[in-house]
Amino acid sequence: MTCRMGVESSHLLLAEARGSGFSENPDLIVRVEHAIDDAAKRGDDHELGRLLMVSCIARQGCGDASAAALAAAQAVTHFANAGASTEAASASATAAVYTDQCGDLAGALDHAVDAFVHLGDSQPTDEASVRTLLALGGLLMRLASFDAAVITARRAFDAAATLEHVPIDAVAYSFGYIAVEAAHAATDDEAKRRVLADVDEAASWLTSNGASPVARELLGPGLAAEATLARGDVPDRGELATAGRRHHDAVPDLVAWHRLVCGLAALANDEPAAALVDFDASIPGLQASADHHCLARAIEGRADAHAALGDFAAAHAEAKRLAAWTRRLHLDQMGQLAGQVVRHAELLRAQTELRDEAQRLADDIDLDAATGTRSRRWLERRLDDLATSDADGAVLIFDLDLFKVVNDTYGHHVGDDVLTRFGVLANQLIGPDADLARFGGEEFVLVRTEPTGGCRAADLDAAELAERVRLTVATHDWGSIAPGLDVTVSCGVATGPLRDVRRLMIGADEALLDAKRRGRNRVTAHPAVPPLPNTRVDATPRA
């Protein structure tokens, strides 16, 4: 059946797009564009919205996230004009996923909020609502909100199993993929066991009931191998290699993911050279699709493979690459995301459940994940607040001594463990609610406040506290992290009116430099504030 003058309807074109499964169909895109032009001339918003979504689905096979995002965003407007709220929600959620892939987290969040608003509290009763839930689940997963992502994807999968004419293969794979990432992020055995059961269910569905060879032979076995690897077992490389014959039928994103799984399986089978080939093949596609979680696994896998081959220089380079990329992603993207989530959640609190998730993400940005202390982003805001205070207080700057030597001697993974352990020790002494923040690298800043007139008391408390931290670090059993490891810390202290807190920061930094020059493993007060008696302000460093 066709529309006017031979132009195909959205129903027929959508059926063909779904029939293409996970494969490319360039001819379909051309025909869809012709149908879009015709619908635009007629001013048929509902049909135009449907055709734009067909265009989005068809472009998934081209690896073109920007074109897919634009098509879905345009569909939202037309569905809204036609009064089709559920379809508008689906288009908004889809636009959110592809906008995120383009690197625009703020724009992705705007679309996600629109999707929540359009969807409301209704249960998934049609394909549009299923697609909305699935897209939102994918976005939540990409933002590392794994529990919410799995719950949302599970709702989509369960609904798709009861509804006719819903492409459940895509839903099953997405559900399994989200559960795999949740398994890797799980912090306890029970949570991991639960989400791996979800992966098994999705893999079994695809292998037994998949409508296409790609679903049955590539996606199902691939997810099963992911579950095997997550359990610490060794998957069958032969089955994965056989599935590789379907690579030419699958879209680039799926091929990149499958090559990653093949690489991880090769590594588990003690074949690091073969693993490197698969990792190298997977990384460009994972980068193109902005699949941050899988990309991190691929880079980590390359480091492990190089190490297994005895090329420790290459392994170290990969580890540095992963660390630098993770830091950049955290600072450039997650910071932007958290502020955007909080703003939208406050505006739409009564209409969505996004507020709680937004606050969690905002809290994560205010914490340094490696050490459990506050982040520098949080510290800068705190210093601005204190500059308007009438109270006196103290600034303490701690610096782990010869930390570069630790990294160079024991490796950056040991250095990371040292930072984490210092954060634990310091928080135990200072208290988890104290204003202790990681300033950068191996430096930490503590700001303490006292009522006006309590300057010398603040000095006494600050010096004693700094000494307690120094002594605790000096006497701690660092050998539990690495045999022979020894760690000390130096501290600079400055006290005075907190309205001059930036000046106090400079004073504490000068005192810290003095402590370093005088042999490290000591606490030194800023010269403007003489040390009080009976406080071990300048401790003798250990040999």
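How many residues does helix 11 have, and how far does it reach from its first C-alpha to its last? Helix 11 (residues 213-230) has 18 residues and reaches 25 Å, close to the 26 Å expected at 1.5 Å a residue. The expected span of a helix is 1.5 Å times one less than its number of residues.

## Ground rules

This is a predicted model, in which local features need pLDDT of at least 70 and side-chain atom pairs count only at pLDDT 80 or more, while totals for chains, interfaces and linings use all residues. Residues are numbered from 1 along each chain as its sequence is written, and side-chain values use heavy atoms, with hydrogens and water left out.

Helices (H or I, at least four residues) and strands (E, at least two) are DSSP runs, numbered from the N terminus. Buried means under 20% relative accessible area, exposed over 50%, and partly exposed in between (1.4 Å probe, protein chains only).

Helix 11 is mostly covered, with 13 of its 18 residues buried. Just after helix 11 comes Gly232, with a positive phi of about 85°.

## Nonpolar cores

A nonpolar core is a set of buried Ala, Val, Leu, Ile, Met, Phe, Trp, Tyr and Cys residues joined through side-chain atoms within 4.5 Å. The largest has 66 residues, and Tyr173, Leu219, Leu223 and Trp257 have the most contacts inside it. A second, separate core of 30 residues includes Ala394, Leu419, Leu436 and Ala466.

Gly492 sits in strand 4 (residues 489-497) and is buried, with a relative accessible area of 0%. Leaving aside residues up to four places away in sequence, Gly492 touches several residues, including Val395, Ile397 and Thr524 (contact means heavy atoms within 4.5 Å).

Thr99 belongs to helix 5 (residues 85-101) and is buried, at 10% relative accessible area. Beyond four places away in sequence, Thr99 touches Ala69, Asp104, Gly107, Ala108 and His111.
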